[in-house]
Amino acid sequence: MELNKYKEFISKYSKRDGIDRVTKAFLNDCKKMGFKKVDIEPVYDDDEIDIYLRYRNIYDIETLGNYLYTQANYIYDVEDRFDLLEAHEEYRELNIILSFMLYQIHELSRFDIDNVTRIVIETEIDYEDKFENQKLTLYKTGKVKLSDVKEHEEYSNTISKNDMDDIYNKLNQCFSNIKMTNADKTVGFWSISFFNKRDELRTIQGGYGETIEYDGINLTEYIQELIENYDAIVFDGYEIEDKIDYLSLILGGKDDSTESLYIDYSKNYLEYYISHNDGTVNMHHFDGYSVRILLDNIYDDVKQLVFKDDSDYVNDDAHHFILKIKTIKEKLKVYEGYYDKQGLSDNWPAFIAEIYHYMATYRDGDIFDPNCFTKRKKADDEYMVVNVAVKDVPQEYYYLCEDENVNITDIVVVPFGYDDSLRLAQIIDIDYLKKDDLPLPLEEMKYIDHIAEREDFVELDDDYEVDHRLH
């Protein structure tokens, strides 16, 4: 940063008793220094700390100066500004706050690269079954120290001062004007700290999933090569597979009802609920590692979603949807449109079917299942008798069954006719009877062979349909 031309200006306005209100002189000096008005929404809340919070992470003096000059102009141009300043202490001392922030930038002049004595890069990855934790210290003298917390290993080396100066310059130039205070930590984070001769530091933090480059150079690979250690994680030395971090789908339903679907990778949950216009809410909540498996399964479908241009298409019957998707490596994307064939991506059915299958798999329980509360175990002196319907045969048939896991509506394979050829049949009733109550003498009754599997339908009857008597 070129700070010399600002030092006199900053020192003039950096003392708390320098000026007690926003004055024309302050604005004129800002203008002389080249600060310009920019397009920002001025802070005018009663809480003066808002101003500090908004600008505290800006490390470039010209950017900060432009913002504060714009803010000061707003306050100065307020009608009856002096009455306002006298009435509100925070506005009366606004100049002090702005000047103090400029002073902080002046303090960063001590972080001219010539005054930095060491740079520390700390990395932590805690993702699924992977854990990495390193601390890389780069000393101005050329000494390199790498500590691996997990492996309890230390690596040290000494490189040429010219190479270290080159690393220092690139890191300083790369990070002098950026801030990453809200980095995505789904996978882990890195932090870089610049220490000066007074052992003061400035730290910038970032998340994994993006490549940190300066002037077209991958800084991780560049540092690894110069320190002669390719195990150093640095900023992005860890290959991370992209994943869906968050997905939400809001659908405007009929009669003003609203359907909402939320899936979150880091929090391991899926929520789906319908809000009806009478205040009733239907909700399903799924929590656990299986949610991550679901997001992994739909990742390819999500990446291939291509929504159509519906600017010339309006379907009053189609519901409006809002889809939000964020992956680890990409920012949040928002899609809006009409929930029908013309407004959705061609691969939408595959995408939504995967989510539906997941919910159907885990949603069913026993409380509302009649096969559960109407079913009883077979007594020792009883036989399990199933009543089945065979396709194209109007008569029902009774079979014995040894598998107590079968349920009404199950498709089974049974020996049928005089030659006992295998046929598909559907169970329409289950009973437990003593020997004397069997519909046929025990020695004349047949047993079902097994519950039908996919290959049975192919081999026995491709066109098998559920018997109408079960509907």
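How many helices and strands does the secondary structure of the protein come to? I counted 13 helices and 19 strands. I note at the start that this is a predicted model.

**Entry 1: the whole chain**

I looked up burial for the protein: of its 471 residues, 42% are buried. I then took the contacts with a separation of 6 or more, and 61% of them link residues 24 or more positions apart.

I traced an open sheet of six strands, and I wrote down the order as 12-11-10-9-13-14, with antiparallel pairing. Which strands stand at the edges? They are strand 12 (281-287) and strand 14 (333-338); each has a single partner strand, so one side of each is left without a neighbour in the sheet. From one strand to the next, the twist averages 10 degrees.

I also checked what packs on this sheet. Helix 10 (residues 290-303) does, and it touches strand 9, strand 10, strand 11, strand 12 and strand 13 (320-327). The direction of helix 10 makes about 75 degrees with that of strand 9.

Inside the sheet I looked at one pair in detail. Strand 9 (residues 244-252) and strand 10 (residues 258-264) run antiparallel and are joined by seven bridges. Opposite Ser248 I found Tyr262 of strand 10.

**Entry 2: Glu271**

I moved to strand 11 (residues 269-275), where Glu271 is found. Glu271 is buried, yet I found no salt bridge for it. Which side chain of opposite charge is nearest to Glu271? It is Lys267, at 9.4 Å.

The side chain of Glu271 does have a polar contact of 3.1 Å with the side chain of His285. Leaving aside neighbours within four places in sequence, I listed the contacts of Glu271 as Ser260, Leu261, Tyr262, Met283, His284 and His285. Tyr262 had already come up as the residue opposite Ser248.

**Entry 3: Ser275**

Ser275 is also placed in strand 11. Is Ser275 buried or partly exposed? I have it as partly exposed, because its relative accessible area is 25% and the buried class ends under 20%.

I compared sequence and space for Ser275 and Ser260: they are 15 residues apart in sequence and 8.3 Å apart in space, C-alpha to C-alpha. Not counting residues up to four places away in sequence, Ser275 touches Asp256, Ser257, Thr258, Thr280 and Val281.

**Entry 4: strand 17**

I then turned to strand 17 (residues 411-416), which is mostly covered, with six of its six residues buried. Which way do the side chains go? In a regular strand they alternate between the two faces of the sheet. In strand 17, Ile411, Val413 and Pro415 point one way, while Val412, Val414 and Phe416 point the other way.

Strand 17 is joined to strand 18 (residues 421-434) by six bridges, and the two run antiparallel. Phe416 stands opposite Ser421 of strand 18. I noted that strand 17 and strand 18 form a hairpin with four residues between them. In that turn, Gly417 has a positive phi of about 80 degrees.

I also found strand 17 paired with strand 19 (residues 450-451), in the antiparallel sense, over two bridges. There the bridge partner of Val412 is Ile451 in strand 19.

Key:
Residues numbered from 1 in each chain as written. Predicted model: local features only at pLDDT ≥ 70, side-chain atom pairs only at ≥ 80, totals over all residues. Heavy atoms only, no water. Buried < 20%, exposed > 50% of the residue type's maximum accessible area, 1.4 Å probe, protein only. Lys, Arg positive; Asp, Glu negative; His and termini not counted. Salt bridge = Lys/Arg side-chain N within 4 Å of Asp/Glu carboxyl O. Polar contact = N/O pair within 3.5 Å; in protein donor to acceptor, adjacent residues only side chain to side chain. Contact = heavy atoms within 4.5 Å. Pairing = 2+ DSSP bridges. Axes fitted to C-alpha atoms, helices over the stretch in contact; angles between N-to-C directions.
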